[in-house]
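My plan is to look things up piece by piece and jot down what turns up.

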Amino acid sequence: MNIDINFIGILIGAIMASSVPLILAASGELITERSGVLNLGVEGMMIIGAISGFALMVITDNLFLAIIGSMLSGLLLSFIFGFLTQSLLTNHVASGLALTIFGIGLSAMIGKDFVGIPGKEFPLLFVNLKEAIPLFGPIFFGHSVVFYFAFLLPFGTNYFLKKTKIGLIVRAVGDSPVSAANQGINVLLVRYCCILYGGAMCGLGGAYLSLIYTPQWIENMTAGRGWIALALVVFATWSPLKVLVGAIIFGGITILQLHMQAMGIRIPVQFLSALPYIMTIVVLVIISRDSRKIKLNTPTSLGQIFYKEK
Amino acid sequence: MIKIERRNETSNLIYFLTPILAIFLTLVTGAIIFYLLGFKPLEALKFFFITPISDLYGLSELLLKATPLCLIAIGLSFCFKSNNWNIGAEGQLTFGGIVGGGVALLFYNHEGFYVLPLIILAGAFGGMVFAMIPAILKIYFNTNEILVSLMLVYVSKLLLDYLVVGPWSNPEGFNFPETRQFSDSARLPILFEGLRIHAGIFIALVSVFLAWVILFKTYLGFQIKVSGLSLKTAKYAGFKGKTMILLVFMVSGACAGLAGVGEITGPIGQLHRMISPEYGFTAIIVAFLGRLNPIGIVFASLIVALTYLGAETAQIFLQVPKYTGQVFQGMILFFLLASDFLLFFRIKFLGFKRYEY
């Protein structure tokens, strides 16, 4: 009996761990989108974060530097996007797509010397508590510091958007950049900051994959997680706490299909692997059906080009 | 000092010159990247962009790769022109390949003039139906077509994987993940002995012509353009928005499906896991680089096809990974979008006097 309870705990722990990159990327993108910017480059920024984190870990042998570097590289990539869309007023959708294509190509180019190198063990916190407490031990303890950061992030994001002045400014810029500008707010500065923050979080999400979750570098290892993170923001109707719920649901599907594969259930592997993608579509349909509910929190100026005549 | 001001009207000359500027900037940046990677930049660029097309075989390979890119981009231009963001052409290509390939496998030991047309029609139909999923979900459930069409890419690739490993795998194939070879009458005819260029290029050229006629000479093309410029105007004019969403997705899916069957009945001759080196995604760049204009897309597809070939040559001669091609493709799109700034704004040089508002 004891073994069964622990198994459930380990299962839930695994589900939470697999949702971490989604929470990080989606929370970052949520802030970007709340400021009225639609960055479709999440997948590209995540994969660049993954390779630069892994490469820095191999070169410097320092995990702290690797994590910081992955965030910086995601930030740098998002700066390209920010410069294009904000300063050169390019189309958000096309620029984001270019970022993803560029990012995937660049990551494979950088990563060719890092294929097959084993990763390093990432220090886990509260390992002794993990074994000491049944059920809750494996769920809440024995994870990495990034894991705890990810699960606190949606609450922090929620507080930031709803309770702080800067959060209010971000929302104002997203809902009506023209009025915000007339109030003396520097719309460009706010949007740049939100884009860069989103980039850094996507980079961190990628690094979680290559440093902690499956510590190695594999080409294209994000496998569409960036796009699922984008779908999660819609799923959450732009509210941070629902990102947490959505990410755990998707983490659950991922882990569940892995376990079904391992248990040898007689469904072809490919159908199980397709589950997260099909579920994304189903969930999008359910959420988007009610257009009023969607519009309630959608940043009004999302994806629109803002230009102030000087 | 410089001052930036909005142009009152965009100039046509700049409209078609900026893609050339974008390509130039890509080459310069590419040279810098090669230099940083420790290669001689000019030599590397030569291996990338000149060596691959310096013989007849290379030119044939260029056309071979440009064909699917051109076809898909033509279809995508219908979607993008009307503000429908179908970015799942790769999935529609794959599904078209699956349906067309399925028909080809039915006839694996048949010969007959009717086999190839059936396969091609089946492929176009498959791509079309697959593209209707994001369109219908967008029309009736208001879902985001970007995300849905993209998720379907993964689904279709996994389906193809399942088929070639499982039920459709070659019974005499020693468990390799591939189907039987198609029969000879299921293959697109080769144009020149010894080269791989095939009759699929005519399908692409016909679609370019048809697209030009539809976009510039028909009422439908006018509707597509107006909805792209202003949805409100289109609504006010009473255009049937929903029908048009469905229609542009169907056109673009059919084109991608055609590209898919073109690959499997052309150079490949069977189904396996990798029927497309991401043509569906690269075609997005082709569509933009060609300015969503059928003639522009023809040129753009040749240029982007060169980045594929260049990456292969550079992989052999310089040992750079083949993904370098993708980096170049991403850069072209970056620079193209950036140089569009010149379209809508002019930069005035005002000398070094202090400028007063």
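My entries follow, topic by topic.

**Ground rules.** This is a predicted model, where local features need pLDDT of at least 70, side-chain atom pairs count only at pLDDT 80 or more, and totals for chains, interfaces and linings use all residues. Residues are numbered from 1 along each chain as its sequence is written, while chains are lettered from A and ligands numbered from 1 in the order in which they are written.

**Where the chains meet.** I looked up contacts between the chains (C-beta atoms, placed from the backbone, within 7 Å). I found 36 residues of chain B in contact with 39 of chain A. Helix 6 (145–165) of chain B is one of the helices supplying at least two residues to that side, and helix 6 of chain B gives the most, 11 residues. Helices here are DSSP runs of H or I with at least four residues, numbered from the N terminus. By class, I noted 26 nonpolar, eight polar and two charged residues on chain B's side. Ala, Val, Leu, Ile, Met, Phe, Trp, Tyr, Cys and Pro count as nonpolar, Asp, Glu, Lys and Arg as charged, and the others, Gly among them, as polar.

**The core.** The core has 202 residues, and Leu232(A), Ile72(B) and Ala73(B) touch the most other members. Helix 10 (residues 187–213) of chain A brings the largest share, 16 residues.

**Helices of chain B.** Helix 4 (residues 89–106) of chain B has 16 of its 18 residues buried. Buried takes 20 or more other C-beta atoms within 10 Å of a residue's own, exposed 12 or fewer, and partly exposed falls in between, with C-beta atoms placed from the backbone.

Why does Ala223(A) count as partly exposed? Because it has 16 C-beta neighbours inside 10 Å. I found Ala223(A) in the loop between helix 10 and helix 11 of chain A, with phi near 45°, a positive value in a residue other than glycine. Thr237(A) has a positive phi too, near 40°, and lies in the loop between helix 11 and helix 12 of chain A. Thr237(A) counts as partly exposed because it has 17 C-beta neighbours inside 10 Å.

Note on methods: Core = buried A, V, L, I, M, F, W, Y, C linked by C-beta atoms within 7 Å. Contact = placed C-beta atoms within 7 Å.
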